[in-house]
Amino acid sequence: MQAKKVAVVGGGLGGLTAAALLARGGCEVTVYERSKHLGGRARTTEVDGFRFNLGPHALYRAGAAFRVLERLGVRPTGGVPNQTGSHALVAGRLHTLPRGAVTLMTTDVLSVASKLEVAKLLAGLARIDTRPLGAMSMREWLETRLTRKDGRALVGALIRVSSYCADFEALSAEAGLKQLQCATAANVLYVDGGWSTLVDAVERLCREAGARLELSARVEAVVLQEGGKRVEGVRLADGTVHGADAVVMAGSPADVAALVPGDAVLAREAREAVPIQAATLELGLSALPRPDALFALGLDGPWYASVHSASAKLAPEGGAMVHVAKYLGGADTEASEASLDAVMDALQPGWREKVVARRFRPSLTVSAGLPRATNGGLSGRPSVEVPHVSGLYRVGDWVGAEGMLADASLASAEAVERALAQRAKEPQRRTAGA
Ligand SMILES: Cc1cc2nc3c(=O)[nH]c(=O)nc-3n(C[C@H](O)[C@H](O)[C@H](O)COP(=O)(O)OP(=O)(O)OC[C@H]3O[C@@H](n4cnc5c(N)ncnc54)[C@H](O)[C@@H]3O)c2cc1C
């Protein structure tokens with residue numbers, strides 16, 4: 001790649017990955033991160049020896065993030081969640097969670113007719129062609145494909161846990177089903193030490209490749225030339241201006257719109273973005289009251305609880321690190337701490353006496369923008385290139401046509417690398433043709 005001066009605005013996992021890929025390709029890269037820490041939402045906090053991700057984080061082994069990290073030489077260690085110990089949660093009580101042929105037949109959460117319908121659907125899941133489903137809502141697809149409420153509740157819960165999204169009216173069926181296909185193809189990895197180990201690894205690669213990482217450096221605006229048609233650099237909150245041939249904006253749609261004030265297209269995208277949100281409770285327990293109960297998935301409500309330390313190193317010896325969450329969506333914009341405690345009462349009765357550390361968040365942004373059916377699904381998300389400004393790019397879990405969550409962030413980082421490589425070739429082509 002032709003050496004280019006690139007400013008990356010945002011030092012989350014997406015921005016850092018873009019920086020590592022571009023710096024390795026020969027660009028002169030500077031990352032500007034407004035907070036004191038790198039990592040954004042992929043940060044992990046240590047509390048009394050427990051490693052708390054910002055809500056439950058799972059890396060899809062068949063997803064783009066895994067692929068791009070592997071390309072960079074980052075091989076995360078950890079464990080795949082154990083299927084034994086998994087339960088369905090209905091009316092505050094645990095039931096067998098259908099996860100395969102045997103549990104599907106023995107569970108009491110489905111009627112006999114639904115068992116057959118769901119079994120048929122799941123058996124053919126990998127072969128569903130999701131491409132024509134971009135403009136169909138997840139709700140509509142579920143109602144078309146499953147005739148009974150109990151079957152829709154189960155398959156809906158599986159889509160929710162794969163996509164984090166509870167807003168089935170907004171979510172494109174293409175995106176929801178692709179997530180479920182991705183999750184079932186190769187399961188997920190709970191990462192040893194938490195996701196900050198991924199951030200640290202990519203940060204190291206950035207530094208080795210010569211990228212500069214500036215912390216507490218808020219970019220106030222992208223500086224443009226030629227009447228706003230071409231990038232010239234970035235202006236920081238301290239007033240300094242730094243020249244760049246390309247700027248990669250790696251924050252939320254609102255962050256991006258704020259960097260180019262007066263840009264009607266970016267402002268509209270920010271207004272229209274529908275975030276995925278969740279309420280989260282992290283728990284560090286001295287021991288598990290019920291070591292055989294490791295996972296609960298709500299079927300009659302958007303609940304999730306999982307003992308992440310059963311598969312990854314996230315707790316001190318003998319202790320347990322548990323993530324509890326409520327998927328939010330639509331009018332449901334936050335949850336009470338008591339409602340998440342109640343999920344734990346069902347999964348691990350007696351847990352309250354074992355609490356060493358806890359952290360509750362009533363509402364977190366899981367993804368800055370879900371792939372909406374009204375926009376045609378994944379291909380309707382904003383592109384990596386800002387089409388009307390030469391040299392301006394964006395990266396994030398709301399950008400590009402591939403994946404959701406961190407998969408979209410890292411896929412868009414890779415797409416920026418491709419776009420810049422392509423751009424580097426263009427003048428040569430023009431010269432050759434002249
Ligand atoms: C509760 C929860 C659970 C999740 N679970 C999963 C999961 O299981 N699997 C999965 O794949 N993903 C999951 N995610 C999503 C995943 O964490 C994100 O998709 C990913 O971390 C996004 O990275 P990013 O770099 O694109 O954005 P961010 O992490 O949001 O980083 C953006 C960065 O840009 C900085 N910034 C913005 N504007 C400026 C500016 N003007 N100047 C300087 N800096 C700026 C911000 O400070 C921030 O650090 C989860 C997220 C949450 C919250």
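This is a predicted model: local features need pLDDT of at least 70, side-chain atom pairs count only at pLDDT 80 or more; totals for chains, interfaces and linings use all residues.
## Around the ligand

Let's begin with the ligand and its neighbours. The shell around the ligand holds 36 residues, and the closest of them are Glu33, Arg41, His57, Ala58 and Ser409. Sorted by kind, the residues of this shell are 18 nonpolar, 12 polar and six charged.

Serine 409 has a side-chain N or O atom 2.7 Å from an oxygen atom of the ligand. For aspartate 397, an N or O atom of the side chain lies 2.8 Å from a ligand oxygen. Leucine 13 takes part through its backbone: a polar backbone atom there is 3.2 Å from an oxygen atom of the ligand. On its own the ligand has 1000 Å² of accessible area, and the protein covers 94% of it. Helix H1 (13-24), helix H9 (253-259), strand S19 (355-367) and helix H12 (405-433) are the elements that each give two or more residues to the shell.

Next, have a look at strand S3 (residues 44-47), where you will find threonine 44. Is threonine 44 buried or exposed? Threonine 44 counts as buried, because its relative accessibility is 10%, and buried means under 20%.

The side chain of threonine 44 has polar partners to look for. One is the side chain of asparagine 53, joined to that of threonine 44 by a polar contact of 2.8 Å. Another is the backbone nitrogen of serine 196, which lies 2.8 Å from a polar atom of the threonine 44 side chain.

Helix H2 covers residues 64-72, and its buried residues are Ala64, Ala65, Phe66, Val68, Leu69 and Leu72.

Arginine 71 makes a salt bridge with glutamate 417, and their closest N and O atoms are 3.0 Å apart. Because arginine 71 belongs to helix H2 and glutamate 417 to helix H12, this pair ties together parts that are 346 residues apart in sequence. With a relative accessible area of 44%, arginine 71 is partly exposed, whereas glutamate 417 counts as buried at 14% relative accessibility. The two also belong to a network of salt bridges that links Arg67, Arg71, Glu402, Glu414, Glu417 and Arg418.

## Other salt bridges

How many salt bridges does the structure hold? There are 26 salt bridges in the structure. In general terms, side chains of opposite charge can pair when their charged atoms come close.

One of these salt bridges joins glutamate 220 and arginine 235, with 3.6 Å between the closest N and O atoms. Glutamate 220 sits in strand S11 (residues 219-225) and arginine 235 in strand S12 (residues 230-236), so the pair ties together parts 15 residues apart in sequence. Glutamate 220 is partly exposed at 33% relative accessibility, and arginine 235 is partly exposed at 33% as well. Another salt bridge runs between arginine 51 and glutamate 46, whose closest N and O atoms are 3.1 Å apart. Arginine 51 is partly exposed, with a relative accessible area of 22%, and glutamate 46 is partly exposed at 48%.

## Positive phi angles

Most residues other than glycine have a negative phi. Glutamate 226 has a positive value, with phi near 50 degrees. You can find glutamate 226 in the loop between S11 and S12, where it is exposed with a relative accessible area of 53%.

Leucine 405 is not a glycine either, yet its phi is positive at about 55 degrees. Leucine 405 lies in helix H12 and is buried, with a relative accessible area of 10%.

Which residues make the nonpolar surface patch of about 310 Å²? The patch is made by Met105, Val112 and Leu116. Among them, valine 112 lies in helix H4 (residues 112-123). Valine 112 counts as exposed because its relative accessibility is 62%, and exposed means over 50%.

Technical notes. Residues are numbered from 1 along each chain as its sequence is written. Side-chain values use heavy atoms; hydrogens and water are left out. Patches are made of residues with over 30% relative accessible area and no salt bridge: like charges are joined within 9 Å, nonpolar side chains (Val, Leu, Ile, Met, Phe, Trp, Tyr) within 5 Å. Accessible areas come from the Shrake-Rupley method with a 1.4 Å probe; for residues, only the protein chains shown count as cover. A salt bridge is a side-chain nitrogen of Lys or Arg within 4 Å of a carboxyl oxygen of Asp or Glu. Helices (H or I, at least four residues) and strands (E, at least two) are DSSP runs, numbered from the N terminus. Buried means under 20% relative accessible area, exposed over 50%, partly exposed in between (1.4 Å probe, protein chains only). A residue is near a molecule or strand if one of its heavy atoms lies within 4 Å of it. A polar contact is a pair of N or O atoms within 3.5 Å; within protein, one must be able to donate a hydrogen and the other to accept it, and residues adjacent in sequence count only if both atoms are side-chain atoms. Ala, Val, Leu, Ile, Met, Phe, Trp, Tyr, Cys and Pro count as nonpolar, Asp, Glu, Lys and Arg as charged, and the others, Gly among them, as polar.
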